[in-house]
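Please read the following report alongside the sequence and the coordinates.

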Amino acid sequence: MKKAVVIGSGISGLSISRMLSDRYEVQILEKSDKAGGLIKCDRIDGNLFHKVGGHVFNSKDQTVLNWFWQHFDRDQEFLKATRNAKILLNEKLIGYPLENYLYQLPENETRAIVEELVQMLVNEKDKDVNYDNFRDFLIGNFGENLYRLYFGPYNSKIWNTDISKVPLEWLDGKLPMPQIKEVIMSNIIKKEESTMVHASFYYPKRDGSQFIVNRLSEGQNINLSFQVTDISVDAEGRLSINNGSNLADLLIYCGDVRQLSKIMRIDDRELKDALESVADLPSNGTSNVLCETDENNISWLYLPEEKFKAHRIIYTGNFSDTNNEGTNRKTCVVEFSGKQDKETMLQELKSLPGNLKPLAFNYEPNSYIIQHKGTRSKISNLKSQLAKYNVYLLGRFAEWEYYNMDKAIESAMELNVKLT
Ligand SMILES: Cc1cc2nc3c(=O)[nH]c(=O)nc-3n(C[C@H](O)[C@H](O)[C@H](O)COP(=O)(O)OP(=O)(O)OC[C@H]3O[C@@H](n4cnc5c(N)ncnc54)[C@H](O)[C@@H]3O)c2cc1C
């Protein structure tokens, strides 16, 4: 069998390794001392800590679902839950997505928003719907009032970037694109949102996304605490990793694409230029705090207001009771954009609802990729340069795509077909 090396044991690396293993001898190299990448979890005195966010699973793609459920017993090993997200505005909980729950806002806000939406509807015939960037898209679809109240501050906070520089293609298919008529109707008939990707989701009965990591790792050859720092081509034309400590016929890179210019040691001008063109792509990190909280029935609580540095609370303790084994209360993860110092976070926890008690902290520098115009074509050019050497990019930070787990699996499936 030919040898494939997969760099990174996140959901992308674990998925492609399984898919390749009928044709290749596969070795996974992982720099961390634990597999899982962004989806790994720790137990803190019995409580489950999703160190980055709180990972739930679903997909709209039947082939992805089929592949995933080959590895798990859906009914025995997973719980199915309906999303119950809320937005905290002026100390009041409003339904999510906000545009369907305008009737829950103070009357003056509702009036201004509805008047604007109706006006937009009247003018719709003349409207150019090819928005150039994310900000214009949000204002064009939801109006200035909703943008000011929620979409502007929330998105600027979570992405920590000027969203007028973000091209719309980036989020295509990942955002609901409601029509104004639908928004107005939803508010009259009070229809619950059911078309969002995670309107309902699956969650492991035990150990959250760590359960997914553990199952997909079974039987795989994973070399932990192995940081790939050097990739070259040897005299026989094989890929050589870290000066020959591993040789491969095929290499799948699931790490951060920006690091590749320092790692690839192949003397090829076009490849070098392509690597350098992506070396400075912008991204955003998150700081997460595992907390005890008072009970509620919410899954996600969004915090758009600028007075909060945190942008959401994920009530992971509501996803499965087994997540709260170290407390007689519930647990949740409070997510802050970027790197925050502990004191700031501790201070803020006091102003958030639920009498939060911090249990553990984590900072993840790579959580949100930010695409600008031209990013996709740079990545696509790099992919074709790397393919000359049997090196392929896969995953959120390798392909620089805003993937959820299901999209990472879908991309692994597409790559697997390409390599067959
Ligand atoms: C806050 C947040 C919440 C999210 N919630 C959800 C959710 O609810 N549902 C969902 O489906 N998705 C969710 N996602 C998205 C999901 O986390 C990602 O799609 C997925 O984890 C990406 O996996 P990956 O394998 O592509 O990358 P990663 O998980 O980043 O894996 C890359 C791996 O490569 C390793 N590596 C990097 N460089 C090297 C090197 N040089 N040598 C060796 N190893 C290396 C890293 O250590 C890491 O383990 C969320 C993401 C965030 C940030």
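The report begins with the basis of the model and then moves from the sheets to the ligand.

This is a predicted model, in which local features need pLDDT of at least 70 and side-chain atom pairs count only at pLDDT 80 or more, whereas totals for chains, interfaces and linings use all residues. Residues are numbered from 1 along each chain as its sequence is written, and side-chain values use heavy atoms, with hydrogens and water left out.

## Sheets and hairpin

Helices (H or I, at least four residues) and strands (E, at least two) are DSSP runs numbered from the N terminus, and two strands are said to pair if DSSP finds at least two bridges between them. An open sheet of five strands has the order 9-2-1-13-19, and its pairing is parallel. Its edge strands are strand 9 and strand 19 (391-393), each of which pairs on one side only. Within this sheet, strand 2 (residues 24-29) and strand 9 are joined in the parallel sense over two bridges, and Leu-29 has Asn-223 of strand 9 as its bridge partner.

Three further strands form an open sheet in the order 10-11-12, here with antiparallel pairing. Strand 10 (231-233) and strand 12 (246-248) are the edge strands, each pairing on one side only. From one strand to the next the twist averages 30°, where axes are lines fitted to C-alpha atoms (for helices over the stretch in contact) and angles run from 0 to 180 degrees between N-to-C directions. Strand 11 (residues 239-241) pairs with strand 12 in the antiparallel sense over three bridges, and the partner of Leu-239 in strand 12 is Ala-248.

Strand 3 (residues 41-44) and strand 4 (residues 47-50) run antiparallel and are joined by four bridges, with His-50 of strand 4 as the bridge partner of Cys-41. These two strands form a hairpin with two residues between them, and Asp-45 in the turn has a positive phi of about 45°.

Most residues other than glycine have a negative phi, and most peptide bonds are trans. Against that background, a cis peptide bond with omega of about 0° joins Tyr-96 and Pro-97, and Pro-97 lies in the loop between strand 7 (92-95) and helix 4 (107-123). Asn-160, although not a glycine, has a positive phi of about 50°, and this residue is placed in the loop between helix 5 (134-159) and helix 6 (180-189). Ser-225, also not a glycine, has a positive phi of about 50° and is found in the loop between strand 9 and strand 10. Ser-225 is exposed, with a relative accessible area of 53%; buried means under 20% relative accessible area, exposed over 50%, and partly exposed in between (1.4 Å probe, protein chains only).

## The ligand site

Of the 31 residues around the ligand, Ser-12, Glu-30, His-55, Val-56 and Tyr-403 come nearest, a residue being counted as near if one of its heavy atoms lies within 4 Å. Backbone atoms of the protein also approach the ligand, as tabulated here.

| Residue and backbone atom | Ligand atom | Distance |
|---|---|---|
| Gly-37, N or O | oxygen | 3.5 Å |
| Val-56, polar atom | nitrogen | 2.7 Å |
| Met-405, N or O | oxygen | 2.8 Å |

Helix 1 (11-20) and strand 18 (357-369) are the elements that give two or more residues to the shell around the ligand. The residues of that shell divide into 13 nonpolar, 13 polar and five charged, where Ala, Val, Leu, Ile, Met, Phe, Trp, Tyr, Cys and Pro count as nonpolar, Asp, Glu, Lys and Arg as charged, and the others, Gly among them, as polar.

## Two buried residues

Met-19 lies in helix 1 and, at 8% relative accessibility, counts as buried. The C-alpha atoms of Met-19 and Met-413 are separated by 7.5 Å, although the two residues are 394 residues apart along the chain.

Ser-209 is found in helix 7 (residues 208-217) and is likewise buried, at 0% relative accessibility. A polar atom of the Ser-209 side chain lies 2.7 Å from the backbone oxygen of Ile-39.

Technical notes: A polar contact is a pair of N or O atoms within 3.5 Å; within protein, one must be able to donate a hydrogen and the other to accept it, and residues adjacent in sequence count only if both atoms are side-chain atoms.
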